[in-house]
Amino acid sequence: MGESYRYDVEILHLLVSPSHAYFGRARDGAADVPTFDADTAEVVAGKGIVGDRFFGKAAHMDAAVTLFAVEALEAMAKELGAGPFNPLATRRNVILRGAHLAPLLSEDFALESGGSRVEFHGGRPAHPCAWMNEVLAPGAHASMRGRGGMRCRALSNGTLHRGPGVLVSPVLLDPGQAGVPTLLRPGRLP
């Protein structure tokens with residue numbers, strides 16, 4: 001990374017789950033799978049988070065780790081007159097406060113926490129699934145469009161720690177925009 005900007009963030013949750021909860025299963029409901037809100041998460045370059053359902057899966061190498069701004073969830077709850085929502089229900093791996101993620105798409109950036117640094121490449125938006133209407137509130141699927149977070153490729157090994165952290169960005173960010181939906185091209189809507 002060349003020139004960089006540093007932003008104080010908080011890593012609120014680190015979700016690690018070995019199985020899918022919302023994959024298919026429309027008639028049966030969400031699967032009852034173990035999910036851990038870990039204090040730390042070990043990240044392996046090119047593979048993702050150790051113990052997670054996407055770790056080392058070829059189809060997900062470029063999108064194995066999902067980042068999500070809790071401000072988006074809070075804005076959704078306010079708009080829908082519901083909540084507060086459980087951030088873990090979104091099934092995003094890294095729930096952050098103070099992270100404006102949309103400008104990091106297609107960029108290399110880093111998260112520093114607990115004395116460790118993990119580098120990522122912002123791959124693509126993490127589009128919401130229809131399950132959000134069931135696990136959050138009616139209308140959550142549509143409300144989450146454009147602010148469902150970001151799927152990333154791990155570029156380095158390291159450990160993420162819950163608590164204070166620093167987001168190191170190659171581009172200027174506006175943390176005040178963390179919960180604001182970004183414009184999606186019509187052909188990219190889920």
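Arg117 forms a salt bridge with Glu119, with their closest N and O atoms 3.3 Å apart. A salt bridge here is a side-chain nitrogen of Lys or Arg within 4 Å of a carboxyl oxygen of Asp or Glu. Arg117 is partly exposed at a relative accessible area of 33%, and Glu119 is partly exposed at 30%. Salt bridges with shared partners join Arg6, Glu112, Arg117 and Glu119 into one network.

This is a predicted model, in which local features need pLDDT of at least 70 and side-chain atom pairs count only at pLDDT 80 or more, while totals for chains, interfaces and linings use all residues. Residues are numbered from 1 along each chain as its sequence is written, and side-chain values use heavy atoms, with hydrogens and water left out.

**Confidence**

The pLDDT, which is the predictor's confidence in each residue on a scale from 0 to 100, averages 88 for the protein. A pLDDT of at least 70 is reached by 86% of the residues. Over residues 186-190 the pLDDT stays under 50. For residues 186-190 the model has seven contacts beyond four places in sequence, a contact being heavy atoms within 4.5 Å.

**Overall build**

The protein has three helices and 11 strands. These are DSSP runs numbered from the N terminus, with helices (H or I) of at least four residues and strands (E) of at least two. From the N terminus on, the order of elements is β-β-β-β-β-α-β-β-β-α-α-β-β-β. Among contacts in the protein with a separation of 6 or more, 78% are between residues 24 or more positions apart.

Of the 190 residues, 48% count as buried. Buried means under 20% relative accessible area, exposed means over 50%, and partly exposed lies in between (1.4 Å probe, protein chains only). The protein exposes about 8900 Å², and carbon and sulfur atoms supply 51% of that area. Accessible areas come from the Shrake-Rupley method with a 1.4 Å probe, and for residues only the protein chains shown count as cover.

**Salt bridges**

Side chains of opposite charge can pair when their charged atoms come close. The count of salt bridges in the protein is nine.

Glu112 is buried at 18% relative accessible area, whereas Arg6 is exposed at 52%. In the other pair, Asp52 is buried with a relative accessible area of 6%, and Arg53 is buried at 8%.

**His13**

His13 is found in strand β1 (residues 5-16). His13 is buried, with a relative accessible area of 18%. The His13 side chain makes a polar contact of 2.7 Å with the side chain of Asp37. A polar contact is a pair of N or O atoms within 3.5 Å; within protein, one must be able to donate a hydrogen and the other to accept it, and residues adjacent in sequence count only if both atoms are side-chain atoms. Beyond four places in sequence, the residues in contact with His13 include Asp37, Pro87, Leu88 and Arg162.

**Cysteines**

The structure holds zero disulfides (cysteine sulfur pairs within 2.5 Å). Cys129 is partly exposed at 29% relative accessibility, while Cys152 is buried at 0%.
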